[in-house]
Amino acid sequence: MADWQTISSLATAGGTLVLAAATFSAVRSSNRSARVAEQALLTGMRPLLVPSLSDDPDQKVVWSGGRAARLGGGRAIAEHEDGVTYLAISLRNVGAGLALLHGWYPRPGWASVDDPRVELDSFRRLIIDLYIAPGGPGYWESALREENDALHDEFQRVLADREAFTIDLLYGDQDGGQRTVSRCLVLPASDGGWYSQIARHWNVDRADPR
């Protein structure tokens, strides 16, 4: 004679197991969909800075203290006046998100792609917020003002001898995330000015692009 109580218990256990498996599968699928949606959202907010184009419009650069200059597409500014070294680089944001510049790290000479970037604490913070719209041109600017700055005299010599130098830029999206470091090489131009090129990008908050 069939033990209906045992059969009922087994049927209930089987149903529970099937329900648990279906729930687990649904949760995995939901988590996967959430990760895909999050990745799509982050991609839509991600900036990436490269040198601006030669036919991009000029940018009006204004430094603290009132000094101003016009910066052409694909160009850079490196000038020393009254004890201050003024620096600027024309940029273009080829990413899909707004670029918010956080800081910079200067070094005299040509830093190769194999030279590691410095730790984030070593970057000099910008005193103003600089933004570059997605798909549009913009610029970075700052200055070496203090005579006791370890790089003050060295950059004065670099500019006088018209040698190449390197600026690492730290920036992220409009929420301050997805931070990237882009290495800019500033090189002397034959017309007496300066131009720049990007040597490498490092991702801070996610895996490097290479």
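Buried means under 20% relative accessible area, exposed means over 50%, and partly exposed is what lies in between (1.4 Å probe, protein chains only).

A word on the ground rules. This is a predicted model, where local features need pLDDT of at least 70 and side-chain atom pairs count only at pLDDT 80 or more, while totals for chains, interfaces and linings use all residues. Residues are numbered from 1 along each chain as its sequence is written, and side-chain values use heavy atoms, with hydrogens and water left out.

Now for the overall layout. The protein chain carries two helices and 11 strands, arranged along the sequence as α-β-β-β-β-β-β-β-β-α-β-β-β. These elements are DSSP runs numbered from the N terminus, with helices being H or I of at least four residues and strands being E of at least two. Of the 210 residues in the protein chain, 40% count as buried. The accessible surface comes to about 11600 Å², and carbon and sulfur atoms own 53% of that; areas are from the Shrake-Rupley method with a 1.4 Å probe, and for residues only the protein chains shown count as cover. As for contacts (heavy atoms within 4.5 Å), 63% of those in the protein chain with a separation of 6 or more are between residues 24 or more positions apart.

In soluble globular proteins, nonpolar side chains tend to be buried together. With neighbours within four places in sequence set aside, W140 is in contact with L87, A88, I89, L91, L101, W104, L126, L130, I167 and L169.

The aromatic residues come next. A pair of aromatic rings is described by the distance of the centres and the angle of the planes. Rings of Phe, Tyr and Trp (its six-membered ring) pair if their centres lie within 6.5 Å; planes under 30 degrees apart are stacked, over 60 edge-to-face, and the rest tilted. The count by this rule is five aromatic pairs. W104 and W140 make a tilted pair, because their ring centres are 5.2 Å apart and their planes sit at 55 degrees. That pair links distant parts of the chain, 36 residues apart: W104 is in strand 6 (residues 99–108) and W140 in strand 8 (residues 137–144). Both tryptophans, W104 and W140, are buried. Elsewhere, F155, F165 and W194 form one aromatic cluster.

P106 lies in strand 6 and is buried, at a relative accessible area of 2%. Its C-alpha atom is 5.9 Å from that of T166, although P106 and T166 are 60 residues apart along the chain.

Finally, the charges. The whole structure has 11 salt bridges, each being a side-chain nitrogen of Lys or Arg within 4 Å of a carboxyl oxygen of Asp or Glu. R67 pairs with E81 (3.0 Å, N to O), joining the loop between strand 2 (59–62) and strand 3 (68–71) to strand 4 (residues 75–81). E81 is partly exposed, at 37% relative accessibility. R75 meets D191 in another salt bridge (2.8 Å, N to O). Since R75 lies in strand 4 and D191 in the loop between strand 10 (180–188) and strand 11 (194–203), the pair ties together parts 116 residues apart in sequence. R75 is partly exposed at 26%, whereas D191 is exposed at 55%. The salt bridge of D168 and R107 (3.9 Å, N to O) has both partners buried. Salt bridges that share partners also join E154, R157, D161 and E163 into one network.
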